[in-house]
Each structure stands twice: as C-alpha cells, then as structure tokens.
Amino acid sequence: MCSLETYKIDLKGLMEDETVLDFDLNDDFFQSLDGSQLEHGTLHVSVSIRKMTGFFELHFLTKGFVTVSCDRCLDDMEQPIEADNVLTVKLGDTYSDDDDTVTIDENEGILDLSWFIYEFIMLAIPIKHVHAPGKCNSAMTQKLEELSGAVRSGEEEAEAIDPRWEKLKNLKV
C-alpha cells in the first residue's frame with residue numbers, strides 16, 4: 001500500500017525560490033485514495049513549486065497511462081494521459097479551495113498534493129474512450145451490431161405509414 005504522506009508538502013519549510021518534486025504513480029497510489037474511480041495506471045508527475053510574494057504557484061506535468069473501460073466493448077484499455085496544470089496556493093486563516101486559489105492554514109503550512117494530482121488525472125481522461133479501430137472485443141462488437149440492427153429495423157417499421165393515414169394524405173391534394 002502506498003503512503004500518502006509522500007505527497008504532503010511543507011510550503012512554509014521551502015527554502016528555495018523554485019523546487020521540483022517528482023512522483024511515480026502506480027496501482028498502489030490509486031488504491032490508497034478513498035473514493036478513487038481509477039484502480040490501475042502508471043504515471044510520472046513532476047511538480048514545480050515557485051515561491052512568490054504572498055503565494056505559491058504549483059505547475060503539474062503528468063505523463064503516462066491509466067486503465068479504463070472501453071465505452072464500446074467494456075474491455076479494459078490503456079488511456080494515455082498527458083496533462084499540464086497550474087495550481088495557486090496561498091497561506092491564510094483556514095483551509096479553502098474556492099475559485100482557482102487554494103488557501104491553507106498558515107499555522108500548519110502543509111499541502112496534500114495527492115487529491116489534486118488525482119483530480120488532474122481525471123480531468124485529462126477524455127469523456128469518450130474507445131479502443132483503436134479493430135482492437136475492440138470482437139464478440140461484443142458483433143453483439144452490438146446485431147442489437148443495433150434490430151433497433152434500426154424497428155425504426156423502419158415505424159416509418160412505414162399506416163394505410164389509413166396514407167388515404168388521408170391524398171385528401172390534402
């Protein structure tokens with residue numbers, strides 16, 4: 001099991017103007033997060049933290065892949081992930097993640113990056129994810145074509161006009 005303590009950063013303790021942190025994520029990371037919809041993946045996340053006057057700017061670069069279900073055949077597939085995100089953090093009285101700025105308690109000064117990394121990964125997954133053409137499960141694809149053919153034939157029957165209505169159409173002329 002992955003320890004999420006690795007992703008907690010003491011912003012007040014940063015001495016340099018710019019700090020770069022690298023994280024390699026795997027299945028353990030996703031399993032250790034409560035409420036994670038993802039279970040499998042291999043990603044590299046590079047976080048660049050710039051210390052500015054009154055706030056911190058965090059730049060996240062994420063590359064790798066996660067395993068998701070194909071929308072067409074429901075088999076697992078590898079979805080490539082490439083994301084570039086920015087997060088602004090400032091120190092304040094209480095924790096708040098309103099708008100585009102996250103405020104953390106000034107007395108504590110610790111920011112947990114794990115959930116932000118997870119959210120950035122989720123945002124990078126396209127809404128529609130399907131295998132490349134010809135890579136879907138052939139049995140499922142065949143069944144899908146059969147069922148969609150049955151739906152089409154039902155639509156064609158509905159389009160055939162009832163003879164009584166056909167006679168009424170002739171009255172319009």
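Colleague: What do the side chains of Glu 57 and Arg 50 do together?
Modeller: They meet in a salt bridge, at 3.2 Å from N to O. Keep in mind that this is a predicted model.

Colleague: And why would two side chains pair like that?
Modeller: Side chains can pair when they carry opposite charge and their charged atoms come close.

Colleague: Okay, how exposed are Glu 57 and Arg 50?
Modeller: Glu 57 is partly exposed, with a relative accessible area of 25%. Arg 50 is partly exposed too, at 34%.

Colleague: How many salt bridges does a search of the whole structure find?
Modeller: It finds three. One of them joins Glu 5 to Lys 8, with the closest N and O atoms 3.3 Å apart. Glu 5 counts as exposed because its relative accessibility is 54%, and the cut-off for exposed is over 50%. Lys 8 is partly exposed, at 38%.

Colleague: Which residue does Lys 143 form a salt bridge with?
Modeller: Glu 146, and there the closest N and O atoms are 4.0 Å apart. Both residues lie in helix α3, three residues apart, which is about one turn of the helix.

Colleague: New topic: where is His 129?
Modeller: His 129 is in the loop between α2 (114-124) and α3 (138-159).

Colleague: Is His 129 buried or exposed?
Modeller: Buried, because its relative accessibility is 13%, and buried means under 20%.

Colleague: So what does His 129 touch?
Modeller: Leaving out residues up to four places away in sequence, its contacts include Val 68, Cys 70 and Met 77. Ser 69 is another, and its backbone oxygen lies 2.9 Å from a polar atom of the His 129 side chain.

Technical notes. Residues numbered from 1 in each chain as written. Predicted model: local features only at pLDDT ≥ 70, side-chain atom pairs only at ≥ 80, totals over all residues. Heavy atoms only, no water. Helix = DSSP H or I, 4+ residues; strand = E, 2+ residues; numbered from the N terminus. Buried < 20%, exposed > 50% of the residue type's maximum accessible area, 1.4 Å probe, protein only. Polar contact = N/O pair within 3.5 Å; in protein donor to acceptor, adjacent residues only side chain to side chain. Contact = heavy atoms within 4.5 Å.
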